[in-house]
Amino acid sequence: MNIFGIGLPEMAVILVLALLIFGPKKLPEIGRSLGKAIRGFQQASSEFENEFKREAQQLEQAVKTSSPVKSAEVATNKAENSTASPSQPG
């Protein structure tokens, strides 16, 4: 079992130190609050990922729907620029 690069012996040492520092009554409370914090972080991360994907899909759809119009405009502008004289006497 390897969590965050920490093996079982290291986890046991950390738990024993936490037990000595915080005491047996405080340890479950700390574990619960740590679990809630991790769960909240995972939910926020999931929401961010979903929002990012949704925005990316909207951008792709916008590019697909506006792509033929923009390419036609670019072609028209290029044609207009190429027919205009490069230098006009002033």
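Select arginine 54. Its relative accessibility is 43%, so arginine 54 counts as partly exposed (buried is under 20% relative accessible area, exposed over 50%, partly exposed in between, with a 1.4 Å probe and protein chains only). This is a predicted model, in which local features need pLDDT of at least 70 and side-chain atom pairs pLDDT 80 or more, while totals for chains, interfaces and linings use all residues. Residues are numbered from 1 along each chain as its sequence is written, and side-chain values use heavy atoms, without hydrogens or water.

Glutamate 51 and arginine 54 both sit in helix 2, three residues apart, about one turn of the helix (helices are DSSP runs of H or I, at least four residues; strands are runs of E, at least two; numbering starts at the N terminus). Glutamate 51 is partly exposed too, with a relative accessible area of 35%.

**The other salt bridges**

How many salt bridges does the structure hold? There are three.

Stay in helix 2 and pick lysine 53 and glutamate 49. Their side chains meet in a salt bridge at 3.4 Å, N to O. Four residues separate lysine 53 from glutamate 49 within helix 2, about one turn of the helix. Lysine 53 has a relative accessible area of 46%, so it is partly exposed. Glutamate 49, at 42%, is also partly exposed.

Next, select lysine 26 and glutamate 29. They form a salt bridge with closest N and O atoms 3.7 Å apart. Glutamate 29 is partly exposed at 43% relative accessible area. Lysine 26 is partly exposed at 41%.

**The aromatic pair**

Go to phenylalanine 48 and phenylalanine 52. The structure holds one aromatic pair. Phenylalanine 48 and phenylalanine 52 form it, stacked, with 6.5 Å centre to centre and 25° between the planes (ring centres of Phe, Tyr or the six-membered ring of Trp must lie within 6.5 Å; planes under 30 degrees apart are stacked, over 60 edge-to-face, the rest tilted). Both phenylalanines lie in helix 2, residues 27–83, four residues apart, about one turn of the helix. Are phenylalanine 48 and phenylalanine 52 buried or exposed? Both are exposed.

**Helix 1**

Move to residues 8–22. This is helix 1, with 15 residues; at 1.5 Å a residue it should span 21 Å, and its end C-alpha atoms are 21 Å apart, which agrees (the expected span is 1.5 Å times one less than the number of residues). Step on to glycine 23. This residue follows helix 1, and its phi is positive, near 90°.

The end C-alpha atoms of residues 6–23 lie 23 Å apart, and the span is 83% helix and 0% strand.

**The nonpolar patch**

Show Val13, Val16, Leu17, Leu20, Ile21 and Phe22 as a surface. Together they form a nonpolar patch with about 630 Å² of accessible area (patch residues have over 30% relative accessible area and no salt bridge; like charges are joined within 9 Å, nonpolar side chains of Val, Leu, Ile, Met, Phe, Trp or Tyr within 5 Å; areas come from the Shrake-Rupley method with a 1.4 Å probe, and for residues only the protein chains shown count as cover). Isoleucine 21 belongs to helix 1. It is exposed, at 63% relative accessibility.

Now pick leucine 15, also found in helix 1. Leucine 15 counts as exposed, at 53% relative accessibility.

**Zoom out**

Select the whole protein chain. It has two helices and zero strands. Of its 90 residues, 3% count as buried. The chain exposes about 8,300 Å², and carbon and sulfur atoms supply 64% of that area.

Key:
Salt bridge = Lys/Arg side-chain N within 4 Å of Asp/Glu carboxyl O.
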